[in-house]
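Here is my note on the model, point by point. Please read it with the structure open beside you.

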Amino acid sequence: PAAPAGGMGGMGGGPPPKPEPRMEDVPLIQCAACKATVRRAFHVAKTLRAGGKGASEMSLLTAIAPLCDTSAEAGEWLHDYDMQEQTDGTVALKRMSSHGECGVECATAGAACQRVLDDVDSELAEKLFGDAYSSHDTLVAEVCGSQTAGTGLAKLSGNCGQPQPVAPPNRPVGEEFLRRAKEAPPPPPEKKKAKKKKKKKKETSADKSEL
């Protein structure tokens with residue numbers, strides 16, 4: 001098909017298209033994505049309080065709203081995650097040690113994250129506002145569920161209260177994690193050339209006789 005007006009993305013015609021999530025993979029990582037989302041929301045709330053900006057329930061709701069948008073600064077944390085196929089047929093969502101480029105797997109993690117917020121954003125903001133949690137572990141279990149406690153607030157397919165689903169045998173293997181290229185450091189500032197001082201002309205005996 002012909003390229004749309006304005007040229008092809010990434011070739012001088014504007015930014016490349018935003019990667020599309022693989023929605024059929026979302027249930028495979030829903031539990032891990034829920035845990036990561038709640039941990040991130042807990043961190044955001046803690047940072048908001050430490051900054052002295054106040055932490056009303058509405059301000060917390062506003063702060064966590066863009067967490068799953070992989071194209072926004074608030075959602076850049078998702079760029080560090082990689083989906084990894086396991087030997088038992090499940091798919092793990094792992095946080096890598098370096099920042100990555102956001103491809104299909106990052107977008108899929110973002111979609112799983114968004115399902116959590118769509119389901120429990122108000123309840124999560126209310127719990128964060130109560131500030132009754134010394135760590136995120138208890139909050140994660142309440143929202144995402146666990147094998148012992150059952151389904152949590154987020155009653156989603158693939159939540160942590162259910163056995164982790166196994167990928168179908170015909171599922172294509174995911175992309176490799178692509179580390180983000182390091183930005184080149186800015187060039188050092190140019191050194192100013194020192195001005196040469198003019199040497200004073202020594203007075204001769206003839207000059208002194210004229211005074």
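1. **First disulfide.** C31 and C160 are joined by a disulfide, S to S 2.0 Å. The term here means a pair of cysteine sulfur atoms within 2.5 Å. The link of C31 and C160 is right-handed, with 105 degrees about the S-S bond. C31 sits in helix α1 (residues 26–50) and C160 in the loop between α4 (136–144) and α5 (205–210), so this pair ties together parts that are 129 residues apart in sequence. Helices are DSSP runs of H or I with at least four residues, strands are runs of E with at least two, and both are numbered from the N terminus.

2. **Basis of the model.** This is a predicted model: local features need pLDDT of at least 70, side-chain atom pairs count only at pLDDT 80 or more, and totals for chains, interfaces and linings use all residues. Residues are numbered from 1 along each chain as its sequence is written, and side-chain values use heavy atoms, with hydrogens and water left out.

3. **Exposure of the first pair.** C160 counts as buried, at 4%. Buried means under 20% relative accessible area, exposed means over 50%, and partly exposed is in between (1.4 Å probe, protein chains only).

4. C34 and C144 form a disulfide with their sulfur atoms 2.1 Å apart. Distant parts of the chain are linked here: C34 is in helix α1 and C144 in helix α4, 110 residues apart. The torsion about the S-S bond is about -90 degrees, so the disulfide of C34 and C144 is left-handed. Both C34 and C144 are buried.

5. C102 is joined to C106, S to S 2.1 Å. This disulfide is left-handed, because the torsion about its S-S bond is about -90 degrees. C102 counts as partly exposed at 21% relative accessibility, whereas C106 counts as buried at 2%. How many disulfides are there by this rule? The count comes to four. With the bonded cysteines of the protein chain numbered in sequence order, the pairing is 1-8, 2-7, 3-6, 4-5.

6. **Salt bridge of K18.** Now the charged pairs. K18 forms a salt bridge with D69, and their closest N and O atoms are 3.7 Å apart. K18 lies in the segment before α1 and D69 in the loop between α2 (57–64) and β1 (81–85), so the pair ties together parts that are 51 residues apart in sequence. A salt bridge is taken as a side-chain nitrogen of Lys or Arg within 4 Å of a carboxyl oxygen of Asp or Glu. K18 counts as exposed, at 51% relative accessibility. D69 is partly exposed, at 29% relative accessible area. By this rule there are five salt bridges.

7. D25 pairs with R171 in a salt bridge, the closest N and O atoms being 3.0 Å apart. D25 is in the segment before α1 and R171 in the loop between α4 and α5, so parts that are 146 residues apart in sequence are tied together. D25 is buried, with a relative accessible area of 3%. R171 is buried too, with 12%. Which residues make up the network of salt bridges? R22, D25, E85 and R171 are linked in it.

8. **Salt bridge between helices.** E142 forms a salt bridge with K127, with the closest N and O atoms 2.9 Å apart. This pair links distant parts of the chain: E142 in helix α4 and K127 in helix α3, 15 residues apart. E142 is partly exposed, at 31% relative accessible area. K127 counts as partly exposed, at 24% relative accessibility.

9. **Negative surface patch.** E57, D118, D119, E123 and E126 form a negative surface patch. Patches are made of residues with over 30% relative accessible area and no salt bridge; like charges are joined within 9 Å, and nonpolar side chains (Val, Leu, Ile, Met, Phe, Trp, Tyr) within 5 Å. Accessible areas come from the Shrake-Rupley method with a 1.4 Å probe, and for residues only the protein chains shown count as cover. Lys and Arg count as positive and Asp and Glu as negative, while His and the chain ends are not counted. The place of a charge is NZ of Lys, CZ of Arg, CG of Asp or CD of Glu. Helix α3 (residues 104–130) supplies the largest share of the negative patch, four residues. E123 lies in helix α3, and E123 is partly exposed, with a relative accessible area of 33%.
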